[in-house]
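Hi everyone, thanks for coming.

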Amino acid sequence: MAAEELGAAGSNGLGQVSENNTTTEFPAAGSENEKAPDKDEDQKEWDLERNWGFSLEEIFGLALKFFKEMNGKAFNPTYEENLRLVALHKQVSLGPYNPDACPEVGFFDVLGNDRRKEWARLGSMAKEDAMEDFVKLLNSCCSLFSPYVTSHKIEKEEQERRLREEEERLRAEREEQERQKQEEERHRREEEERRKQGADRLIVMEQKQQIMAALNAQTAVQFQQYAQRHFPDSPEQQQLLIQQLQEQHYQQYIQQAYQVQQKALQRQQDSAISQTAQLPPPHSNDLVSVKNTSSQSDSSQSQEHEANPEPCHLFIDGKPGDVAILAPSMWTRPQIKEFKEKMAQDAESMITVGRGEVLTVRVPTHEDGTYLFWEFATDHYDIGFGLYFEWPNTAKGTSSEKTGEIVSENQETDQTEEEKENSESQTGSNLPHVNEVVPIFRRDSHEEVYAGSHQYPGHGVYLLKFDNSYSLWRSKVVYYRVYYTK
């Protein structure tokens, strides 16, 4: 009951309320009013959060708990301090004193009357001010309250520290789990990539073995003859050379196949562009149908190509109606010093190509031969090389050729304009037809021996061209050898 709790109290020693709702404390006599303002001013200068680190609500809760548990045990406040503390508690919990809401107190209830009067003196003091005054008054009248709060502060800091450590531990565990998850994902991707690369390598190796088996079946005889010519008494060296030639032949085949594919794509694009330019502008529906038809045609062609792979033969591009000519096989070998020393023993195996000159070595096909082989090297500098095949002039009949006949194009161009005109008018369309087998490119023949072979396309004359037209100051010495095999 509120009336019983408040009770009656005597008028001696009650605190008075000042104009700014702050209180002063004096025990009994009014002569001590002069000391109370100094005490109140000291309490206002006291910062709760700075001293103990608790919020106002937290420190008030500790103070109230301490007051209820320790009053009359660990400390004994004066009667006036006790009245003041109870009144401040009522002000915080119930608000300002309202006589209509409070039950009546008996006339002889001194303690209840004194408490009610003290509560009424607080007037409309704010709740926060009442909590602050309660804590300060309790701290001033009990020396054990400060250590009590300090111990709770230490306990709070310890709890906060443990909480931070637990949060840090959980965060570290989450990060470790995330790192492990990422690491497992990375390992999984790497393993999948390795398996994919391994499968791709197996596919490439199988395709390479199939292509090389087909190529080796075509060149087995000529490579065997070439190896026996160079290492007649060493089967191990012959086998090693054959393997090198087969690998170079495979690389050359892949390169030429890529070039053929690019040329075919370019022709297809050019043809599509020319057809598009000739056709009238189509309607949108027609355009869609054309696209669908072309895509179906491409897919059907690709399926037919996969089902029926073409044999491993590469042909040289020629004009429509020309006889199909197989692509040559070319390779290099590093034994250039031994080759030049061997060729130097035969004067006919050495030629000098003058500056700005192009020499042509004419080699007719042999009736007992099937393949033509050539090898060449130079001193100190590179030289251009190309191979052509000249078909016999059927109009004039087949003429006999000397093997290894050398013709300089500079000598051919020494004719006068009148002689050229007479020659052209006489020959007219009777000029022999020439196919390009190997285009003229500069070869680093001063570093390696350049060699190659070509299957006879028919009866005719091979033209081996050594081009030094780009050099205006240096002549080139060429060591070469040409022969045939069955």
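Let's start with a pair: H5 and H7 cross in a left-handed way. Left-handed means that the near helix is turned anticlockwise from the far one by less than a right angle, and clockwise would be right-handed. Helices here are DSSP runs of H or I with at least four residues, strands are runs of E with at least two, and both are numbered from the N terminus.

A word on where this comes from: it's a predicted model, where local features need pLDDT of at least 70 and side-chain atom pairs count only at pLDDT 80 or more, while totals for chains, interfaces and linings use all residues. Residues are numbered from 1 along each chain as its sequence is written, and side-chain values use heavy atoms, with hydrogens and water left out.

Back to our pair. Two packed helices are described by the angle between their axes and the distance between the axes. For H5 (residues 79-94) and H7 (residues 127-141), the angle is about 155° and the axes are 9 Å apart. The axes are lines fitted to C-alpha atoms, for helices over the stretch in contact, with angles from 0 to 180 degrees between N-to-C directions. So H5 and H7 are roughly antiparallel (over 145 degrees; under 35 is roughly parallel, 65 to 115 roughly perpendicular, and the rest oblique).

Who is touching whom? On the H5 side, the contact includes Leu85, Leu88 and His89, and on the H7 side it includes Met131, Phe134 and Leu138. Contact means heavy atoms within 4.5 Å. The residues of this H5 and H7 contact split into nine nonpolar, two polar and four charged. Nonpolar covers Ala, Val, Leu, Ile, Met, Phe, Trp, Tyr, Cys and Pro, charged covers Asp, Glu, Lys and Arg, and the others, Gly among them, are polar.

Now bring in H4, residues 56-70. H4 packs on H7 at about 50°, with the axes 9 Å apart, and that makes the two oblique. Among the residues making this contact are Phe60, Leu64 and Phe67 of H4, and Met131, Phe134 and Leu138 of H7. The count for H4 with H7 is 11 nonpolar, no polar and three charged.

And H4 with H5? Their axes come within 12 Å and cross at roughly 135°, so H4 is oblique to H5 as well. Phe60, Leu64 and Phe67 of H4 meet Asn82, Leu85, His89 and Val92 of H5. That contact has five nonpolar residues, two polar and no charged.

Let's zoom in on Asn82, which sits in H5. Is Asn82 buried, partly exposed or exposed? Asn82 is partly exposed, at 23% relative accessible area (buried is under 20%, exposed over 50%, partly exposed in between, with a 1.4 Å probe and protein chains only). Leaving out residues up to four places away in sequence, Asn82 touches Phe67, Asn71 and Pro77.

My other asparagine is Asn468, in the loop between strand E11 (461-467) and strand E12 (476-485). Asn468 is buried, with a relative accessible area of 0%. Its contacts, again not counting residues up to four places away, include Val353, Arg355, Glu357 and Arg474.

Zooming out to finish: the chain has 13 helices and 12 strands, and buried residues make up 34% of its 486 residues.
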